Amino acid sequence: MTLAPPTTAAPAAGAAAEPVVRVRGLVKEFRLGGLFSRNHLRAVAGVDLDLPRGSIVALVGESGSGKSTIARCLARLEQPTAGSVAFDGVDVLRTERRRASRAYRRRVQMVFQDPFGSLNPAHRVEHVLRRPLEIHGHTTSARETRARLVQLMDAVGLDPALLDRYPHELSGGQRQRVGVARALAAEPDVILADEPTSMLDVSVRVGLLNLLRRLRDERGIAMLYITHDLASARYVADTTNVMFAGELVEGGESLTLMDEADHPYTRLLLSAVPDPRRVTALDADQRRELREQVLHPTDCPHGDDSQNACSDKDPVHHWLSREPGREHWVRCHRYTPASPIATRVIAEAASAAGGDDSEPTPTATNAAPPRT
Amino acid sequence: MSAPLLEVENLTVEYAVGDRPVVAVRDVSFAIGEGEVFGLAGESGCGKSTIAMAVLRLLKEPARVTSGSIRFAGEDVLGMGEAALRRYRWRRAAMVFQSAMNSLNPVLTIGEQLGDVFTTHEGATRREARTRSAELLELVGIDASRLRSYPHQLSGGMRQRVVIAMASALRPALLVMDEPTTALDVVVQQEIMAQIQRLQRERGFSVLFITHDMSLMVELSDRIAVMYAGRVVELGAAGRVFDQPEHPYTKSLMSAFPPLHGPRVELVGLADRVRAAGGMSDGCGFHLVCPSDRSDCSTSIPDLREFESGHWVARSGSTGAVRAATTTPVPATNGAGQ
């Protein structure tokens, strides 16, 4: 038995450069209030995103920025309001209008945030991993199944003896590895990982990130890595996109992006990450200024961009570098976000900073003098 | 030369589960000076929250303090009676809980809940309580009109600040904060931490700061203690421990964080190493992969020994009597340069 991949052969020319998933103008609105309410919340407001083969793309942003909604739209757990999702060049939102085909679901798998909630507590690990093998027709005999299960456990660095355990008998890190193994069982081309490490202990996180990197390198799987942790995105992802209030504000090769952050929101976000090695921290006034620039921009430093003229209405992208391996773009600084989410997010930080006009001083000014 | 505010000495806490008690905290000693920010670092299950609960005498069955002492300004906390305990909690030592955002009562307004602190502990009149609650809210940058709001009407960051205001209402000398900003976004967390620092500077209280976020802890603390499996394995000035950790566990923990600067270097997860070496069998579980020879760690984690002035590391050895960790609060600023 074979499962036909979606029709249309991949275009011969430029096939290598063609991303597995190409998202264009993705919009997702949620209705607020009752059935007849006309109030909408625009969680995702026109996002373009490419997932190239064998590459990890990070989507970073704060809660409410819409990053998880994008993953859920790609996994077809949510129906996008507008836009296109091309999978191998085929717009699946048109060909599979109402719900995703099994073939699509086989090729796009998701790893969830909560390793405690995403595994059925009534089933052993063996069952959790055997089901996708059966559903997607990757096994024909019991012996083959067993062999596949052992392979899967090996692939995610788990002892096959754990197959007979129930989820509650595993640690958080082990459970999340089972979650990854379950996704792998379907032999996907794309893995959507939504905050896969945020509920894990710090030392276990690195192990999971290394696993994702290995799967990318060894199996050429494309991954969307969604996180609020910029340092982990920098570590694991080839390219990083910064999301704010339903829109992407900056993107590029991860190291370049974080070393040369350009957009005020990206700079605000980076400044907020605790980092004892930071050489120069922003003071309260600088942070206030950045918040102001995000909400009420006045000027764009890239006004001389001849290809993409600045605009406060359209989210124009300015390319800062197109050099391969150092790609970096930023949304025009002058663009004013219309979303109420933007105001709310910034207001929250501003209110937390409320009245903090004093100069920041070292933490230890009040420490008692050392005893001699 | 003032005595330390809080002295925890040889504290052992057990959870009596079944017939074999689980030792959550074993023989832990540290002291916090007046006005000092002391960080307790470690992963979940290492016993750091248990210590926080013990300090405020909040441990409930099946947890028991089986040995050791806790002294607050020279007074024995473990021996306090009901009345003394009522005076101690909130007025002298207060706590901001891990899920503080959800620890507010949903059916009472912010004003009622803040006011309660003053009416209950200080016998204030309702009018007095109102005025002081308003002052308190403004202290954390929230408009006094919010006194009439219910918790669900405030954002997560605001609720968190209300809880911090509530904990500092009676000007306690010690504020215990257990993961105070874990559920918040970084941009908000940054502002709240800045606010806590400002408050701490103005009022000079001591802080016992518990978090799994090492970077945040190092930024804020004067000194830190790193815990592993119920024991403190390293204690010293925050910058010093971060820059040059001595204990192999601390080294692994510090290197488990991908950096925000510099080239990408391959990191090794700590649990991976332990697993690769054969799993947690006995002892600390870490001795198996220790780079240095620690054959005597295979049965237990050694006691702390002073490695250099003010810097304590759990390592074995025959010399040097083990005593409570230094009572000297070392300011972070000159700690790193020693």
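Me: What stands opposite B:Val8 in β2(B), and how do you know that β1 and β2 of chain B are paired?
Reply: In this predicted model, B:Val8 stands opposite B:Phe30 in β2(B). Strand β1 (residues 6-15) of chain B is joined to β2(B) by 7 bridges, and since a pair of strands needs at least two bridges, the two count as paired, running antiparallel.

Me: What makes β2 and β5 of chain B edge strands?
Reply: The sheet is an open one of 4 strands in the order β2-β1-β4-β5 (chain B), with antiparallel pairing. Its β2 and β5 (75-76) each pair on one side only, and they are therefore called the edge strands.

Me: Which residues of the largest nonpolar core touch the most other members?
Reply: They are A:Leu129 and B:Phe30, in a core of 165 residues. Helix α7 (residues 202-219) of chain A gives the most to this core, with 8 residues. Another core lies apart from it and has 31 residues, including A:Val44, A:Val47, A:Tyr104 and A:Leu248. As a general background, nonpolar side chains in soluble globular proteins tend to be buried together.

Me: What makes the backbone of A:Glu195 and B:Asp27 worth a remark?
Reply: A:Glu195 has a positive phi of about 45 degrees although it is not a glycine, and B:Asp27, also not a glycine, has a positive phi of about 55 degrees. Most residues other than glycine have a negative phi. A:Glu195 is placed in the loop between β7 and α7 of chain A, whereas B:Asp27 is placed in strand β2 (residues 22-32) of chain B.

Me: How do you know that the peptide bond between B:Glu61 and B:Pro62 is cis?
Reply: The omega of the bond joining B:Glu61 and B:Pro62 is about 5 degrees, and the bond is listed as cis. Most peptide bonds are trans. B:Pro62 has its place in the loop between α1 (48-55) and β4 (63-72) of chain B.

Me: Why is strand β8 of chain A described as covered on both faces?
Reply: Strand β8 (residues 222-227) of chain A has 6 of its 6 residues buried. A:Ala222, A:Leu224 and A:Ile226 lie on one side, and A:Met223, A:Tyr225 and A:Thr227 on the other; all are buried, so both faces are covered.

Me: Which strands pair with β8(A), and what are the partners of A:Met223?
Reply: β3(A) is joined to β8(A) by 5 bridges and runs parallel to it, and strand β7 (residues 190-194) of chain A is likewise joined to β8(A) by 5 bridges, in parallel. A:Met223 is the bridge partner of A:Ile56 and also stands opposite A:Ile191. β7(A), α7(A) and β8(A) make a right-handed β-α-β unit.

Me: Where should I be careful with the coordinates of chain A?
Reply: Chain A averages a pLDDT of 86, and 90% of its residues score at least 70. Over residues 1-15 of chain A, however, the pLDDT is below 50, and this stretch has 8 contacts beyond near neighbours in sequence. Residues 355-372 of chain A are also below 50, with 44 such contacts in the model. Where pLDDT is low, the predicted coordinates should not be read in detail.

Notes: Residues numbered from 1 in each chain as written. Chains lettered and ligands numbered in written order. Predicted model: local features only at pLDDT ≥ 70, side-chain atom pairs only at ≥ 80, totals over all residues. Heavy atoms only, no water. pLDDT = per-residue confidence, 0-100. Contact = heavy atoms within 4.5 Å. Core = buried A, V, L, I, M, F, W, Y, C linked by side-chain atoms within 4.5 Å. Buried < 20%, exposed > 50% of the residue type's maximum accessible area, 1.4 Å probe, protein only. Right-handed = clockwise from strand over helix to strand, strands pointing away.
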